[in-house]
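Work through the exercises below with the model open. Try each task before reading its solution.

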Amino acid sequence: MLSRSSRFIGSTLASTRLGATRNLALGVRFHENGPAEKVFKLEQLDAAVVNKRLEADEVSLKFLAAPINPSDFNIAEGVYGVKPALPAFGGNEGVAEVVAAGANVKGLSKGDWVVPGNAPFGTWRQVATAKAADMIKVPNDIPAAYASSLLINPSTAYRMLRDFKSLKPGDWIIQNGANSMVGMAVIQLAREMGVKTINVIREDRPEVGNTLRLLENLGGDINITDEYLGSAGSLEILKDLPPIGLALNCVGGESGVDLARVLAPKGTLVTYGNMSKKALTVPEDLVTSKQLQLKGFWIAEWIKNNSAEARSAMLNELAGLVREKKLTFFYELHDLDDFDYALSKAQEPFRFRKVVLNLDYPDRMAEHDARPESDYDVFETYTH
């Protein structure tokens, strides 16, 4: 199947066929804050950016892949916790190959793969120069799309399962937003720890039955909708379980409160997102009589406050699970020169697959022209 990226784009590049001339470097930037579809622009990078002189403590990077995350939209709108100076490149995570290292750089060499350790770095570009100290080395023997997506969602799941409670095999946790990338990572990582999961999703999402079955296939132990949580049936199930000490909340609003009600006394509710955009208002009795702990988590803060060794150890463990096929992501790749389409796909509601930008793609037109004409013959078959 031919890629959608065998195409021309408009006047910004003067009808140059993107990807056909490989000395062109492309990037996505925004020059003002606003809705992602209005402010993100695919641009040809200035020669000065592409050919920047390498300092002794820097590495020259060729980006391979970078996902489109909800946080990227927040950054574009200017409502993220960190606001880059404008104009800025889009992209909060991604994986790059080191193509050259400065004379004083230790621990990184040509061919190594790295992810940015400081956010927002601006990963939606084909080339960059960065301080070596700001990069984290990752294994280069897993798919680039996986490596590009390790640092935010799977790392969030990894840390929340380790940093708030001393979980042991047989313990139970509960989470909402279980069909998110973090949620699915929680299920799989908990499964490897022997920890049991109750996974809650929205009742009103399309194909809710298929979604629940997917979570079961990933290893989810009890998979229910938010409407069922709190019902007489769910209360009967919960009565037969050990006390639940940890709840993970990315939805907020009443959904977060429902998780808090399920927790055992002195349990911990960790909030790491607010998909509903509704305030989390926990009733006083849950905090006082049950003595629940309310915590927040943001992976960017964890990265900033922990050593390079700790970050590398976490990423290496996650990469090992990917390698062993114990941690699965669902994604779709789109070439950078098809950015507008990729962005539109990333903004669709109720998505399973993470949209990942392919930043090191081949010349699609040359690829097309090199194939024999017979590959493009049309065959029609009729069944009577």
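This is a predicted model, in which local features need pLDDT of at least 70, side-chain atom pairs count only at pLDDT 80 or more, and totals for chains, interfaces and linings use all residues. Residues are numbered from 1 along each chain as its sequence is written, and side-chain values use heavy atoms, with hydrogens and water left out.

**Exercise 1. A cis bond and its surroundings**

Which kind of peptide bond runs from Leu86 to Pro87?

Solution. 
- Step 1. Omega is near 0° from Leu86 to Pro87, and the bond is cis.
- Step 2. Pro87 sits in the loop between helix 3 and strand 4. Ala85 is in the loop between helix 3 (70–77) and strand 4 (88–89).
- Step 3. Ala85 is exposed, at 65% relative accessible area.

**Exercise 2. Aromatic pairs**

How many aromatic pairs does a search of the whole structure find? Describe the geometry of Trp124 with Phe339 and of Tyr146 with Phe329.

Solution. 
- Step 1. The search finds 9 aromatic pairs. Rings of Phe, Tyr and Trp (its six-membered ring) pair if their centres lie within 6.5 Å; planes under 30 degrees apart count as stacked, over 60 as edge-to-face and the rest as tilted.
- Step 2. Trp124 and Phe339 are 5.4 Å apart, centre to centre, with 50° between the planes: a tilted pair.
- Step 3. Trp124 belongs to the loop between strand 6 (113–116) and strand 7 (127–131), and Phe339 to helix 13 (residues 339–346), so the pair ties together parts 215 residues apart in sequence. Trp124 is buried at 0%, and Phe339 is buried at 1%.
- Step 4. Tyr146 and Phe329 are stacked, at 4.6 Å centre to centre and 20° between the planes. Tyr146 is in helix 4 (residues 144–148) and Phe329 in the loop between helix 12 (308–323) and strand 15 (331–335), so this pair ties together parts 183 residues apart in sequence.
- Step 5. Now look for a cluster: Phe30, Phe40, Trp124 and Phe339 form one.

**Exercise 3. Helix 5 and its partner**

How many of the residues of helix 5 are buried? At what angle does helix 5 cross helix 12?

Solution. 
- Step 1. In helix 5 (residues 153–163), 9 of the 11 residues are buried, so the helix is largely enclosed by the rest of the structure.
- Step 2. One of the buried residues is Thr156, at 6% relative accessible area. Beyond neighbours within four places in sequence, Thr156 is in contact (heavy atoms within 4.5 Å) with Val182, Tyr272, Phe297 and Ile299.
- Step 3. The axes of helix 5 and helix 12 come within 11 Å and cross at roughly 110°. Axes are lines fitted to C-alpha atoms, for helices over the stretch in contact, and angles run from 0 to 180 degrees between N-to-C directions.
- Step 4. Helix 5 is therefore roughly perpendicular to helix 12. The classes are under 35 degrees for roughly parallel, over 145 for roughly antiparallel, 65 to 115 for roughly perpendicular, and oblique for the rest.
- Step 5. Pro154, Ser155, Tyr158, Arg159 and Arg162 of helix 5 meet Met314, Leu315, Glu317 and Leu318 of helix 12.

Conventions
Helices (H or I, at least four residues) and strands (E, at least two) are DSSP runs, numbered from the N terminus. Buried means under 20% relative accessible area, exposed over 50%, partly exposed in between (1.4 Å probe, protein chains only).
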